[in-house]
Amino acid sequence: MKPRVTYQQLKFPSQELRPAGRTPQDFHCLLVLAVLGTMLVAALLIHTFLLPFRGSVQGEDVMAASYLDDPCRDPCRFVLVESIPEGLVYEENSTTNPSTFQAWANLIAEARSTVDIAAFYWTLQNKDTRTHDPSASQGEEILAELLKLPQRGITPRIAVNPPSSRLPSTDLLALEESGAQIRKVDLPRLTSGVLHTKFWIVDQMHIYLGSANMDWRALTQVKELGVAIYNCSCLAQDLGKLFEVYWALGLPNATLPSPWPANFSTPYNKETPLALQLNGTDAGVYLSSSPPALCPTGRTRDLEAVLSVIDGAQEFVYVAVMSYLPTMEFSHPRRFWPVIDDHLRKVAYERRVRVRLLVACWKHTKAAVFPFLRSLAAMQDHRTGYSIEVRLFVVPANETQAQIPYARVNHNKYMVSDQVAYIGTSNWSGDYFLHTAGSALVVNQSQVEDSNQPTVRDQLEAVFERDWNSRYSRELSLLGQPEDLCGGH
């Protein structure tokens with residue numbers, strides 16, 4: 001629990017209760033000493049236990065709350081992981097990270113007792129996508145290893161969106177036959193959204209969270225970014241509470257509780273992040289969730305996390321996301337939803353924060369995206385000092401790759417500022433934050449100085465800079481009709 005110092009009203013003792021020989025002046029001195037002692041104890045508690053987790057809005061502290069008094073003692077190991085599509089080649093000496101495939105394979109190999117996976121859908125085999133591409137082998141290998149888990153005494157639990165004709169259930173049937181427990185979470189009925197989140201929890205010790213779906217294309221044909229964290233029970237158990245939310249809602253005829261029972265609540269959020277060490281470096285960390293109906297007591301809503309990172313930036317905010325629309329993308333009738341858009345413009349205007357937005361451009365990019373992106377890019381102005389830049393990221397495709405359905409796209413969903421790293425699972429339009437189940441990891445190491453290890457924020461900024469300056473990044477203003485070039489051929 002967060003340490004609290006309670007100041008009780010002190011009353012001067014009445015004449016009847018004074019011990020013999022004591023004057024009112026004596027008791028006045030004792031009272032002053034008592035108050036000073038209480039203040040000293042409070043100061044020691046604050047100095048000892050409350051390590052500041054700071055951001056800044058117009059020079060004011062935000063997140064003025066503190067780490068909890070019981071920091072995580074686990075030797076948490078953080079690894080940023082990526083999927084780089086076949087054929088996408090960076091310049092020599094560019095930033096590289098371990099693969100999503102390797103992270104998933106490591107998690108399966110590490111498993112001793114439990115494997116919990118929350119996922120949008122499952123298409124890990126060629127036959128799921130009616131393809132015959134050799135690059136599906138990595139996904140098929142992951143599925144084969146998951147199917148072996150019950151033979152090792154491990155019963156996987158899988159929370160998934162209800163399958164549809166476009167998202168088949170072949171993998172899920174095989175997993176169920178092998179002994180896995182599967183619950184289909186009917187969020188279309190419960191929240192008018194879908195279960196879009198993507199994370200793993202192994203042995204309540206190790207986790208993966210990121211943009212990659214349980215899809216062979218997410219390993220070899222789609223550009224993805226996520227994080228694997230090992231030996232970190234405190235964080236894994238908190239993510240486990242999010243999984244239990246999905247698991248509870250996967251029961252037949254489940255309803256949304258209001259409020260959620262206390263066992264789903266968390267003490268870790270943007271006001272009181274979890275104090276731990278990542279790769280030996282101090283950090284304040286919390287997990288956010290969407291939609292609001294799936295946020296038990298204490299859980300920061302994902303939209304609040306996004307806005308907090310933007311508002312807390314002092315120098316820059318860099319965003320890499322597949323889809324950016326300041327609308328309710330799937331609502332009818334159409335609804336404008338400029339919440340995030342307004343905050344980006346506000347920090348650029350009021351505090352001259354440098355904003356960069358790297359948005360995916362592929363054959364499924366909606367035409368409605370471009371007017372909004374051009375509107376943001378119009379704020380790039382040297383005379384006033386406003387700086388909002390927008391670029392499109394195009395994953396190239398040869399003739400064979402172009403035939404793979406729903407592939408060849410930058411599927412990233414992250415943000416990095418000069419203060420904080422944010423790694424999420426949601427695209428940036430209103431539906432994802434208000435109706436659809438998503439999750440994100442938020443890491444603040446802004447108080448770290450002269451670390452021998454690059455911080456999470458450092459690593460994420462390096463990935464963004466690599467992509468922003470790569471040959472696959474295109475200036476929005478130079479494209480003319482970007483809709484015609486998003487196929488990436």
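Let's start with Asn 231. At 31% relative accessibility, Asn 231 counts as partly exposed in this predicted model. Asn 231 is in the loop between β11 (224-230) and α8 (233-249). Look at the backbone there. Phi of Asn 231 is near 55 degrees, a positive value in a residue other than glycine. Most residues other than glycine have a negative phi.

Where is Asp 203 placed? In the loop between β8 (199-202) and β9 (206-210). Buried or exposed, then, for Asp 203? Asp 203 counts as buried, because its relative accessibility is 16% and the cut-off for buried is under 20%. Asn 231, by contrast, is partly exposed at 31%.

Asn 253 lies in the loop between α8 and β12 (274-278). This asparagine is exposed, because its relative accessible area is 74% and the cut-off for exposed is over 50%. Which distance goes with Asn 253 and Asp 186? Their C-alpha atoms are separated by 9.0 Å. Along the chain, Asn 253 and Asp 186 are 67 residues apart.

Next, the prolines. Most peptide bonds are trans. Here are two cis ones. Ser 290 and Pro 291 are joined by a cis peptide bond, with omega at about -5 degrees. Pro 291 falls in the loop between β13 (281-290) and β14 (300-301). His 332 and Pro 333 are also joined by a cis bond, and omega there is about 0 degrees. Pro 333 belongs to the loop between β15 (316-321) and α10 (339-351).

On to a helix. Take α4, residues 137-148. It has 12 residues. From first C-alpha to last, α4 reaches 17 Å, close to the 16 Å expected at 1.5 Å a residue. Which residues of α4 are buried? Gly 139, Ile 142, Leu 143 and Leu 146. They cover an arc of only 95 degrees around the axis, so they sit on the same side of α4. An α-helix has 3.6 residues a turn, so residues three or four places apart point the same way.

Now rings. How many aromatic pairs does a search of the whole structure find? It finds 16. One aromatic cluster is made of Phe 316, Tyr 318, Phe 464 and Trp 468. Two of its members, Phe 316 and Tyr 318, fall within the range of β15 (316-321).

The charged end of Arg 157 is over the ring of Trp 247, 5.0 Å from the ring centre. Trp 247 falls within the range of α8 (233-249). Arg 466 has its charged end over the ring of Tyr 90, at 4.2 Å from the centre.

Finally, the whole chain. The protein chain has 13 helices and 21 strands. Of its 489 residues, 55% are buried. What about contacts with a separation of 6 or more? Residues 24 or more positions apart account for 78% of them. The chain exposes about 21,900 Å². Carbon and sulfur atoms supply 51% of that area.

To recap the local points.

Definitions and conventions: Residues numbered from 1 in each chain as written. Predicted model: local features only at pLDDT ≥ 70, side-chain atom pairs only at ≥ 80, totals over all residues. Heavy atoms only, no water. Phe/Tyr/Trp six-rings, centres within 6.5 Å; stacked < 30°, edge-to-face > 60°. Lys NZ or Arg CZ within 6 Å of the ring centre and 35° of its normal. Helix = DSSP H or I, 4+ residues; strand = E, 2+ residues; numbered from the N terminus. Expected span 1.5 Å × (residues − 1). Buried < 20%, exposed > 50% of the residue type's maximum accessible area, 1.4 Å probe, protein only. Arc of directions from axis to C-beta. Contact = heavy atoms within 4.5 Å. Areas by Shrake-Rupley, 256 points an atom, 1.4 Å probe, with all protein chains shown as cover.
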